[in-house]
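Good morning. Please have the sequence and the model open while I talk.

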Amino acid sequence: MAVVRRWFWAALAVLATVAASTPLWLTLPVPPHTLVIDQAQFSAVDDAPALVDLPHVQGRRRAQGYYRMGFELAQAPAQQLYLFIPMLSYRAIIAVDGDVALDTGTNSLIPGITLGVSALVPLSGRHLAAGRHVVDILLEAPGVTRGYLSPLYVGTAQQIAPYHRLRVLVLEHTRMMVLACQLLLAIATLMAWLYRPQESLYGWLFLLHGVSTASYAGLLADIVPGVFGWLPYAFTVSMASVFILHIIALKINGTPPPRWLRACVVLVPGTCLLAMALGVVAPRALLFGLVMPIMVVSPLITVAISAWGALAKKVQEAWLLLLPLCFFSLATLHDGALVAGKVEGPVFLSLYYRQLLIVAIAVILMRQLGLSLMRVDGANAHLKQRLAEREAELQRLHEEERSEAARRVRSEERHRLTVDLHDGLSGHLASIIALAERERSAGIERTAREALDDLRLVIHSLDIGDRELMAALSGLRERLEPLLKRLGVELEWSMLRLPEVSGVTPAHALNVLRIVQEAVTNALRHGPAAHIAVRGLAGPGGEALIVIDNDGVPYAQAGNGGAGIHNMRRRAAFLGGTLRIEPLARGTRVTLALPLRLSGEAADSSHGP
Amino acid sequence: MEPDAGRPGAGTDQGSNTAPCRTLLVEDDEPLRLRFESILSGWRGGRLVAACGTLDQAMAVLQSEPVDLLITDLRLPDGHGIQAIRRLRAINPRAEAMVVSALADNEIVIAAIEAGATGYLLKDVGSADLIEAIEELRAGRSPISSSIARVIVRRLGERGHPPPQAQDSAPPRETAALTPRETEILWSIAKGLTYAEVAEQLGLSRQTVPVHIKNIYRKLQVGNRSEAVFEASRLGLIWL
């Protein structure tokens, strides 16, 4: 899975690189099979006319030049023809046969982003007559680059229109999209920063988008006619963006930007603006001498910062920034060369790569957002789990406390009852026994002893907890021992092999004890026994067996056993067990079989006779 | 303890031949007092010093006459038998005390043990059993029921650490005085084993088990008087 992901990202990176590099190597297509005009008579303002090849780059900045060229139509065409100029910079007034057909300045976008536009001139009427036609172009060069004129093409709408539309898309609409994206991200980062002021990266990103918008100041020309003169100032303001880009790259690397760098954001453009405003240096000179070089060279430094982060510090996000930065710095170098006249061409590439940079920053922001949300989700899940655990713990403690409280109440009640019985009933019974003994009334003495024993049985069973059946039986043994000893009956007792029975309540214990006691009483009463054995065993099915053997008269199967045996069976049924009474060769065997887990239902049905 | 304490089958008459055991009986119920009186007067090994019906009488006798064995009821019209036990133990640390109880319920007996008693009797005890119990006690052996053992184990556990499950676990702080063997005996009896089974499991003689029990009782005796009173009042035995 990790390998697949790795390859996926690698492929994506290659694709992105190829796509991103297209402006560097791709040239926009020109219409084939059309009439091409690739020579012109060029004359600058104060120069003699000369024959030049198209495309032609003027020798000087900020100059006007006249071009005259011609084309021949062998016959009047059947369809409307168009004159198509794929690329010009930056403003042209085009006349055909002396009639002004188009002024690009009136229908094209405003200077600032219009370096390099295309123009389409419909030819009509006499311009389509057979014979030679003359095209005159007055080309105005912008302040920063030289004038540029590509070859001209004459063809039908079908031949030319698609190429023109493509150029309008690429040269005008795309540039506006860059601006729109930039404004959108400026708003988005501003909002992010307002809601999360502690994350200064958002603030820097907002500033980046904000100040670089200044380079679009030319767009305001329609509203503010004098804006053209302010362009050097606007570019100087937007110069702050290169320092901001350093800071952003450092922040993405996880390195706090140094104080001086942050100061540069304000100080360098501020000083330049002050120098321009005070007239110390001519704005244009400063623009070309300082602002432009800084803007061209700075992206290289940013590239170095990001490369350091990506390669040395292994910051993943630095990789996301590095690739667009490389292209952006290439583009600024290209633009710098363009301004310096080292490269021919009318289009500033950095306009396009700023878009790429914006996309990369958006990706980084979204990635951070995604990761933050994942972390929040993780933390949420963790907290929820912790909460559930704590709740379960609280619930458990609550249950424990409740059962403990219930146990305490029961224990207190039992204690109170025991004290009462001790002080009252049991004392009286003991007193009766003493009296009866003195009076030699054996019947009363025996009955009183039985009553006292029974009282002990009940009180003792109250103290029995879960898994204490063996202890309960032991209590019975301790009471039986002196009685049997007095009667001269031998008692053999062993509960060592009795399996542990769970779910034992006092009521269960009392039922078991009464069954065993009844079995012993029966052995004494009906089959005058000399030896009684009470043993705990594990049954064949794992059940707990309590076996009471005596050596008295063998049990008569025929009889129904009377009330005593009926009660024993009833108690055994309450316990969810069975009772078997069988004759032995010499004596009788009573077997009580109990499940290893007693159910709670028997608890309420216990206090029988 | 006595050097011959653990000797199995110590004769019942052997010890009493030399010096009769001076016995004090305290029981407020007249029929019972008379019954015990008649049983004890038939005992050749002992001499009944007095049979009292109140704590005051008993205290007076303890003050004036030497007593080797005190047999006392706990609830008395003018006080509590535990007070007599403590007085006796203070006057003569070698004297023994037994409590008489109608039910021999755990908490009452344990309170008496903590006061210094080492034996207990049921009020309806047969005459032969009574004499045997006294002789056993004189010979250094004490009885214990599984329910009393269970309460002792539970309370030892509550005071400090969980009760030791096996002999290898260290005894808790409060039971430091109890040897591992004693702890084991307590545990086995609490589980419901007979003396014989305990003896077999631990490789002892059956007669040695009650000797250990008596030692345990001695160790459970609370030294401090106020502590004992607190214990007793906590158990609802003394109404202060």
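Helices here are DSSP runs of H or I with at least four residues, and strands are runs of E with at least two, numbered from the N terminus. By that rule, A:A509 is found in helix α13 of chain A. This is a predicted model, where local features need pLDDT of at least 70, side-chain atom pairs count only at pLDDT 80 or more, and totals for chains, interfaces and linings use all residues. Residues are numbered from 1 along each chain as its sequence is written, chains are lettered from A and ligands numbered from 1 in the order in which they are written, and side-chain values use heavy atoms, leaving out hydrogens and water.

Back to A:A509. Is A:A509 buried or exposed? A:A509 is buried, with a relative accessible area of 0%; buried means under 20%, exposed over 50%, and partly exposed in between, using a 1.4 Å probe and protein chains only. Contact means heavy atoms within 4.5 Å. Leaving aside residues up to four places away in sequence, A:A509 touches A:S461, A:I464, A:L469, A:A472 and A:V504. From A:A509 to A:L473 the C-alpha distance is 8.2 Å, although they are 36 residues apart in sequence.

A nonpolar core is a set of buried Ala, Val, Leu, Ile, Met, Phe, Trp, Tyr and Cys residues joined through side-chain atoms within 4.5 Å. The largest one has 95 residues, and A:L473, A:I546, B:L24 and B:I144 have the most contacts inside it. Helix α13 of chain A, residues 506–525, gives the most to this core, with nine residues. A second, separate core has 54 residues, including A:L250 and A:I364.
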